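Morning, everyone. I'll take you through one model today, a few pieces at a time. Please have a look at it first.

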Amino acid sequence: MNSPATDARAAAAILLSIRQVAKSFGKLPVLRAISLHVDEGEFLTILGESGSGKTTLLRLIAGFEHADSGEIWMAGERLDPLPPYRRRVNTVFQSYALFPHLSVRDNVAYGLRVQKVAASDVEKRVDEALAMVKMTAFAASKPAKISGGQQQRVALARALVNRPRLLLLDEPLSALDANLRRQMQLELKSLQREVGISFVFVTHDQEEAMVMSDRIALLRNGSLEQVASPRDIYSRPATSYAAQFIGHTNLLRGRAEHGRARCHGLEFPTTAASGPAIFSLRPEHIRLADSAAGNDAVRFCASILTQSFHGATDLLQVECAEGLKLTVRVPSHGPLTGQHNFEFSAAHAIPVRDSEERT
Amino acid sequence: MFSRAYKAAITLPPLLWVAVFLLVPYALLLCYSFWTVSPAQTIIHHWNLGNYRELLRVHVYFETLLRSMWIAARVMLFALLLGYPLAYYLSFHAGARKDLLYQLVIIPLWVSYLVRAYAWKTILGSDGVLNTLLQYVHLTRHPVEFLLYSPFAVVLTLTHIYTPFAFLPIYASLEHIPRNLVEASHDLGASPLQTFWRVILPLSIPGVLAGATFAFVLSLGDFLAPLLLGGPSGIMISNIVVSLFGAAYNWPLGAAISLCMLLLVVGLLFLSERLEKKWSYS
């Protein structure tokens, strides 16, 4: 994983460290030797499809599941042998899990009361927490009487009022409609900056992950595919799966020989080692060729199959000489038909590892 | 959507059933309670309140009712004390053995009530299993007599018989508690004990109320256990009703007691339902 040098540099800021954690349900491996760390004040998203093991990883951190092997450490303390109620970690559950028999206020006060915080402190901190999520007006309501978005806020206040070192969020926005969801994404992000608590956020929605995260840990079949900032993972995907899952891309399969790549009749310089190679080329990095081409531009001729309008951009499906089909995103344009010249910069064809080989 | 004939065809049989087997008998009961028996042992269809006056005048009826309620209250308490921990264990901690244990709790319900009542007679009698054992280990010299033919024997037997009835609704209510609420409680720092008092118990109250009602109402109206095991001191109100409708041949007075019991039970059911509503959140 990380080299010793980078480990030493980051050591001061690491809050949570997951070391070689593996977990199976019966014979089915769910997580395979995962190593991952979360920095102080970081917003880390665990992104993956359903069945990738992302929720299990979160439940291991919270203490609802026990790892078969490996260790979890938080701030110099080994976390994995502790029961959930001894961990300074709080969770926002997917379905909120608010106590139906308690008012909003009592839900938020729950953690402080069971930890025997003085009553006057409880009142003050609960008021602050409710104000923070703008739910003061609903303090006396039962959870069944408020909307999904409001329940979401209460669940957040109930967790944050305990001032955890780490907040775990299990797809907390998945039950909200699209508009509310986008609004909550931004609110959640700014709230996280405000309180300065590390967030571990689980989602299957790559767009959500991109908008909110400092770093994304992309999980696939129980293994980490790539851990990087949204920009890095988008612009330098490590694997073909990462390239396809984060944003849209064209995967070009071919061979690299002595610094030259050959894919379906396209030829361009590359840094990939010699042998079979896959390149990720984002649709927006292909453009209609003008007469004055740059030196490193790779040019090809293709016929346009379909054109769809997406507001600021048009999405084209094109077919090149050797039957290679590509998706191209160009600034909105009048109708395009027939043959056209396209080009892309060789630097934008990113060599990626083949995700299929490993499994 | 459906034709009138079709609607009539599916609603009429149950309505008829209710009419023939519930409304008519209750109406008859009501009528009888205002009639009297002549010295010649015939029913006189002459409307009066004599039977109800008799119930107020002769104290034994009220005393027996009180004793029945006291027995039923103890049965209810013991059934809850046994049924709740059992239901809790099954619902939260039994794991893979859950289905098997559930069946084991239910199986006694398939065994005839009489067999189970007689079984206690065999256990508690002066030559019974318990006394033989006590004498064998020299704890007692003579058979202990209070075991059988006493309110104690009735409470014990009824508790044995009605605990599954208390268990079932409690188990159902515990099974309905979303497990993520328990996880949320632990996550917020509550120990398992705190979680039980603050989350699990409050959310299982409707089941407890239903179970308590079952145990209390079923025991209150029981007549076989006191008949077989109660002796003179363990007589319950239903034994009086049985004898009034039988050997004593005073149907009108029996009907009056039955109606009072009916009103009491309906009142209890109503109260229990109100309370259950107040405590349910789904």
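How many residues does helix α7 of chain B have, and how far does it reach from its first C-alpha to its last? Keep in mind that this is a predicted model. Helix α7 of chain B runs over residues 151–175, which gives it 25 residues. From first C-alpha to last, α7(B) reaches 35 Å. That is close to the 36 Å expected at 1.5 Å a residue.

Now look along α7(B). There is a kink of about 40 degrees at Tyr162(B).

Next, where the two chains meet. Chain B puts 17 residues in contact with 18 residues of chain A. On the chain B side, the elements that give two or more residues are α8 (179–187) and α9 (192–220). Of the elements there, α8(B) gives the most, with 6 residues. By class, this side of chain B has 9 nonpolar, 5 polar and 3 charged residues.

Over to chain A and its sheets. One is an open sheet of 4 strands, in the order β2-β1-β4-β5, with antiparallel pairing. Which strands stand at its edges? They are β2 (28–39) and β5 (77–78) of chain A. Each has a single partner strand, so one side of each is left without a neighbour in the sheet. Strand β4(A), residues 69–74, is joined to β5(A) by 2 bridges. There, Met74(A) stands opposite Glu77(A) of β5(A).

Another open sheet in chain A has 5 strands, ordered β13-β12-β11-β14-β20, and its pairing is antiparallel. The edges are β13 (266–269) and β20 (350–352), each with a single partner, so each has one side without a neighbour in the sheet. On average, neighbouring strands of this sheet are turned by 40 degrees against each other, direction ignored. Inside it, β11(A) (250–257) and β12(A) (260–263) pair over 3 bridges, in the antiparallel sense. Glu257(A) stands opposite Arg260(A) in β12(A).

Is Arg125(A) buried or exposed? It has 20 C-beta neighbours inside 10 Å, so it counts as buried. The cut-off for buried is 20 or more. Leaving aside neighbours within four places in sequence, Arg125(A) is in contact with Leu112(A) and Val161(A). Val161(A) is 36 residues away along the chain, yet the two C-alpha atoms are separated by 6.5 Å.

Definitions and conventions:
Residues are numbered from 1 along each chain as its sequence is written. Chains are lettered from A and ligands numbered from 1 in the order in which they are written. This is a predicted model: local features need pLDDT of at least 70, side-chain atom pairs count only at pLDDT 80 or more; totals for chains, interfaces and linings use all residues. The expected span of a helix is 1.5 Å times one less than its number of residues. The bend at a residue is the angle between axes fitted to the seven residues ending there and the seven starting there. Two strands pair if DSSP finds at least two bridges between them. A residue is buried if 20 or more other C-beta atoms lie within 10 Å of its own, exposed if 12 or fewer, and partly exposed in between; C-beta atoms are placed from the backbone. Two residues are in contact if their C-beta atoms, placed from the backbone, lie within 7 Å. Ala, Val, Leu, Ile, Met, Phe, Trp, Tyr, Cys and Pro count as nonpolar, Asp, Glu, Lys and Arg as charged, and the others, Gly among them, as polar. Axes are lines fitted to C-alpha atoms, for helices over the stretch in contact, and angles run from 0 to 180 degrees between N-to-C directions.
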